[in-house]
Amino acid sequence: MKILLTGANGYIGMRLLSRLLELGHKVVCVVRDKNRLSIDNRAKTLVDIIEVDFLEDFKPEKIPKDIDVAYYLIHSMTSSISDFDEKEAIAARNFNAYISETHCKQVIYLSGIVNEEKLSKHLSSRKNVEDILYQGNFNLTVLRAGIIVGSGSSSFEIIRDLCEKLPVMITPKWVLTKSQPIAIRDVINFLTGVLGNESTFNQSFDIGGPDVLTYKEMLHQYAKVRGFKNWIFTVPIMTPKLSSYWLYFVTSTSYKLAMNLVDSMKMEVVARDSRLQQLLGLQTHSYQEAIEMAFKRIEQNLVISSWKDSIASGQVQEDLEKYIQVPKYGVLKDVQKLAVKDSKRTLDNIWRIGGDTGWYYGSWLWKIRGFFDKLNGGPGLRRGRTHPDKLFPGDALDFWRVLLADKKGKRLLLFAEMKLPGEAWLEFKIDDKDVLHQIATFRPKGLKGRLYWYSVLPFHYFIFGGMIKNIASA
């Protein structure tokens, strides 16, 4: 089949893409920026990539006509608190317009479980998108899931952060709300199981794992799998806003996502039936099995995708390509150069920078900077990195975003997503004479930006000087 995959750069899309290619399908990936499709060169030869922003006005003939099936994996929950529901509705209507020009027979939409009478804004938006998609001239199959558990998923990473960092927790009462978590592996099995299956046309199905648990029970079971105990005490006085700040500071989530998650955590997300599981003959994994599988992927460095690599997880909500040209005028710079003896080893060190490896010098200073960035509403250092030694354009790298990762050309370019009175770039490149260039560029915004640069200049002297030496010698 020829399949249109929207949201191909997302957490679900990246995993689904791998499975679809394994099954021998021809896949057309739809992304806003084709430079951000984080797959290797071999995989890129197997897919077609087209750029479409579904939030922009409909542009005819952007999508091939000979599409058989399309996956709708678009959402805006992490990009906004106030108007994400409006954005999701616009995207769904534009999607219908694009698909109307094709021969698409089926659209598969991954939504959320919406069985409560009073829904959160997030779940209400998902239901509204479902209603809009049902108006399209195609057969719609809707899969409604609750919490998705897998290496790199936002739910798993939040639970992981809470349990690993806080053995004793004072929590809001929403931790007593029931949910039905499902393993990412099972979600992918359902998504591919309904592909072209006419018995699922024009129907909506709830999907979930075998366990119905409160969030408190999920935190306890995580600790059990990891081999330690945790103590959780609930209080009735924690407001949604305070709960959001609590999640934001303790975990790697963004504040926007934290706000929308807290709003939804007051709703029970429990499947009404298991019709689809019976129809497809699938066996789902328990919550504990899902955690164990996630850690196997992490330990084997096989995490395919992470929610943190979404552009919406950072501060810059626009096309990153505009930042690739580092400005030359009206900027302040720190330039370091050093001849290296082993350019291959040095390049490997550059590609491992950040995350668990750290920044090669003054780790405590980087942590302090990350802490203050978090206090100021930035991402801080908690996002880390998805792969220990692989980088792709668009990846999150602590409080940086990868703009260019050209290992063959020996160049890595990062753009700062920390809260700054200006814009900042950090570049590493090795020239033909085996000289490592490390260039920090800052474009200040007014007097405040210049005062900021000169106030941190003494720290730059030690940090950047020590960093280039350790990268070359590590």
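**Exercise 1. Are Phe 54 and Phe 95 buried or exposed?** Then describe how their rings pair.

Solution. This is a predicted model, in which local features need pLDDT of at least 70, side-chain atom pairs count only at pLDDT 80 or more, and totals for chains, interfaces and linings use all residues. Residues are numbered from 1 along each chain as its sequence is written, and side-chain values use heavy atoms, with hydrogens and water left out.

- Step 1. Phe 54 and Phe 95 are both buried. Buried means under 20% relative accessible area, exposed over 50%, partly exposed in between (1.4 Å probe, protein chains only).
- Step 2. A pair of aromatic rings is described by the distance of the centres and the angle of the planes.
- Step 3. Rings of Phe, Tyr and Trp (its six-membered ring) pair if their centres lie within 6.5 Å; planes under 30 degrees apart count as stacked, over 60 as edge-to-face and the rest as tilted.
- Step 4. The whole structure holds 19 aromatic pairs. For Phe 54 and Phe 95, the centres are 5.9 Å apart and the planes at 55°, so this pair is tilted.
- Step 5. Phe 54 sits in the loop between β3 (47-51) and β4 (69-72), and Phe 95 in helix α3 (residues 84-99), so the pair ties together parts 41 residues apart in sequence. Helices (H or I, at least four residues) and strands (E, at least two) are DSSP runs, numbered from the N terminus.
- Step 6. Phe 54 and Phe 95 belong to one aromatic cluster, with Phe 58, Tyr 72, Tyr 98, Tyr 109 and Phe 138.

**Exercise 2. Classify the aromatic pair of Phe 415 and Trp 425.**

Solution.

- Step 1. The distance is 5.3 Å centre to centre, with 65° between the planes. The pair is edge-to-face.
- Step 2. Phe 415 is in strand β17 (residues 411-416) and Trp 425 in strand β18 (residues 422-430), 10 residues apart.
- Step 3. Phe 415 and Trp 425 are both buried.

**Exercise 3. Trace the open sheet of seven strands.**

Solution.

- Step 1. The order is β3-β2-β1-β4-β5-β6-β11, with parallel pairing. Two strands pair if DSSP finds at least two bridges between them.
- Step 2. At the edges are β3 and β11 (203-207), each pairing on one side only.
- Step 3. From one strand to the next, the twist averages 20°. Axes are lines fitted to C-alpha atoms, for helices over the stretch in contact, and angles run from 0 to 180 degrees between N-to-C directions. Contact means heavy atoms within 4.5 Å.
- Step 4. Strand β1 (residues 2-6) runs parallel to β4, joined by three bridges. Opposite Leu 5 stands Tyr 71 in β4.
- Step 5. Helix α4 (residues 121-133) lies across β4, β5 (106-112), β6 (139-145) and β11, at about 165° to β5. Helix α6 (residues 184-193) also lies across β4, β5, β6 and β11, at about 155° to β5.

**Exercise 4. Why is helix α5 described as largely enclosed?**

Solution.

- Step 1. Nine of its 12 residues are buried, so α5 is largely enclosed by the rest of the structure.
- Step 2. Among the buried residues are Phe 156, Glu 157, Asp 161 and Cys 163.

**Exercise 5. Which residues does Ser 343 contact, leaving aside neighbours within four places in sequence?**

Solution.

- Step 1. Ser 343 belongs to helix α12 (residues 343-351). Its relative accessible area is 17%, so Ser 343 is buried.
- Step 2. The contacts are Lys 410, Ile 430 and Asp 434.
- Step 3. Asp 434 lies in the loop between β18 and β19 (435-444). Asp 434 is partly exposed, at 27%. Its phi is positive, near 60°, though Asp 434 is a residue other than glycine.
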